[in-house]
Amino acid sequence: MTASTSKALSSEQEAELDDVFARAQAALKIIETYDQERVDRLIRAVAWAVANRSAFHRLVEMGIEESGLGDFGSRMNKRMKIRGVLRDALRSPSVGIIEEDVERGLVKYGKPAGVIGCVVPTTNPDLTPAGNAIYAIKARDVVVFSPHPRSKRTTFETVRLMREALEAEGAPADILQCITLPSLAASQEIMRRSDLVIATGGQGLVRAAYSSGTPAYGVGAGNATEFVDETADLAETARNCMLSKTSDFGSGCSADGNVLVPRSRYQAMLEALEAEGGYLADAQQRAALQRVMWDADGHRLADTVAVSPQALARAAGFEIPEDRRFIVVEGDGIGEEHQFCKEKLTTLMAVHAYEGSFEDGVEVARRLYDIGGKGHSCGIASTDDAHIDYFARHMPVSRIMVRQPNSKANAGSFTNGMPMTSSMGCGTWGGNITSENVSLRHYLNTTWVSRTIAEDRPSDEALFGDFYDPALEAADADAVSAA
């Protein structure tokens with residue numbers, strides 16, 4: 001423990017952590033003996049304990065009341081994500097032999113990663129613990145959750161329900177634990193003591209996870225953008241943008257914050273967004289919105305994060321109709337000095353026009369991601385496969401959704417093949433160790449067993465191609481013989 005962490009932890013927090021980790025080690029010794037059938041039954045039990053409508057309804061209400069963030073309808077829909085995580089977990093082996101390649105003589109065995117420290121964001125105090133618990137139990141890990149202080153009661157109740165489900169199945173409840181005295185220092189100490197960290201939250205948290213000395217999966221900052229080309233169906237695109245932007249009041253890092261549109265289709269795109277419930281702010285309202293969303297130094301202000309469009313407008317000093325679902329502002333440029341091209345985390349999106357060719361537009365998109373969100377995700381509204389291929393080859397992001405609502409698709413959906421998760425790596429672009437959706441395989445250690453195979457050694461001619469010069473090999477051999 002560093003001196004600064006030691007000073008920041010109270011004696012009560014230190015005592016709780018000592019007890020929690022002792023219990024975690026004891027539970028780990030038990031769960032690592034379980035077979036595949038046993039863990040598959042347990043993940044069904046804990047998933048149902050929180051994903052049934054009655055329980056999740058109560059947890060969602062509790063989370064919104066406690067944190068003051070989020071939209072009830074959108075939060076309720078997140079229980080489908082728990083079903084998706086469970087689906088993916090049940091379809092993959094995790095105990096004993098999990099993969100076999102006869103031709104290469106390789107067999108892989110799944111092993112627990114150990115004690116996992118999971119830091120829970122205030123925007124998902126129920127979904128994140130549930131998803132982490134399913135994957136961890138499937139891998140025969142144990143979990144210590146560090147809740148966000150602003151939503152700690154909700155996370156604690158979520159974990160309590162899952163602990164009850166474990167006990168009912170005769171498994172140790174301490175497979176899942178949640179501290180009751182959360183703080184930044186407590187989270188740092190959990191990360192230091194764990195075998196693996198899953199850090200879902202802001203960049204400060206992720207940096208702390210990477211500097212904890214413990215292997216960690218973190219996430220980069222988002223700035224989800226929808227790129228529109230000349231072939232896009234604008235009505236479909238506007239609907240996808242609305243679905244992405246309004247989910248949980250735009251609190252997710254995958255909620256569409258920007259739409260990039262060819263100049264020739266710009267006005268039509270604005271009209272399509274208005275038809276889907278967008279409110280187009282005028283120049284004066286736009287300036288007022290900027291003042292309540294960012295401070296003079298460009299830092300995002302917390303009071304307008306994840307609020308309804310009506311609340312956002314009132315904060316800026318004007319009113320909008322009750323039927324409007326999000327606010328649209330016209331972008332004034334791409335650059336550090338242009339706040340509206342950055343991550344919003346609320347019910348507002350900016351629409352930017354690009355000039356010239358499709359390729360010129362992609363360069364604008366690349367510049368936008370240099371400002372924020374590199375490595376995370378974006379979408380493309382196109383029916384041109386060549387455009388989609390070009391976009392995929394050039395964009396510095398880990399995931400691209402084609403004609404889908406980003407925030408409902410890139411973390412996994414029942415209508416695409418992305419692994420279900422609540423944690424999305426952003427690769428080295430975003431300062432992360434992985435560019436994948438964090439899923440079951442990231443919770444596992446693997447043991448490789450290798451058997452001999454028929455020699456697989458290509459000739460030098462095949463390996464080096466045109467560069468191979470047999471004379472150089474012969475000269476070297478003569479010199480060795482002479483020596």
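The following legends describe close-up views of a predicted model. Local features require pLDDT of at least 70 and side-chain atom pairs pLDDT 80 or more, whereas totals for chains, interfaces and linings use all residues. Residues are numbered from 1 along each chain as its sequence is written, and side-chain values use heavy atoms, with hydrogens and water left out.

**View 1. An open sheet of five strands with parallel pairing.** The strand order is β5-β4-β3-β6-β7; strands are DSSP runs of E with at least two residues, and helices are runs of H or I with at least four, numbered from the N terminus. Two strands pair if DSSP finds at least two bridges between them. The edge strands, β5 (176-178) and β7 (216-217), each pair on one side only. Three bridges join β4 (residues 142-146) to β5, and V143 stands opposite L176 in β5.

**View 2. Surroundings of I175 in the largest nonpolar core.** Such a core is a set of buried Ala, Val, Leu, Ile, Met, Phe, Trp, Tyr and Cys residues joined through side-chain atoms within 4.5 Å; buried means under 20% relative accessible area, exposed over 50%, and partly exposed in between (1.4 Å probe, protein chains only). I175 is among the residues that touch the most other members of this 66-residue core. Its contacts (heavy atoms within 4.5 Å) include A27, I31, I137 and L166.

**View 3. The salt bridge between R41 and E169.** A salt bridge places a side-chain nitrogen of Lys or Arg within 4 Å of a carboxyl oxygen of Asp or Glu; here the N to O distance is 2.6 Å. R41 lies in helix α3 and E169 in the loop between α8 (152-168) and β5, 128 residues apart. R41 is exposed at 52% relative accessible area, while E169 is partly exposed at 23%.

Conventions: Lists of a residue's contacts leave out its neighbours within four places in sequence.
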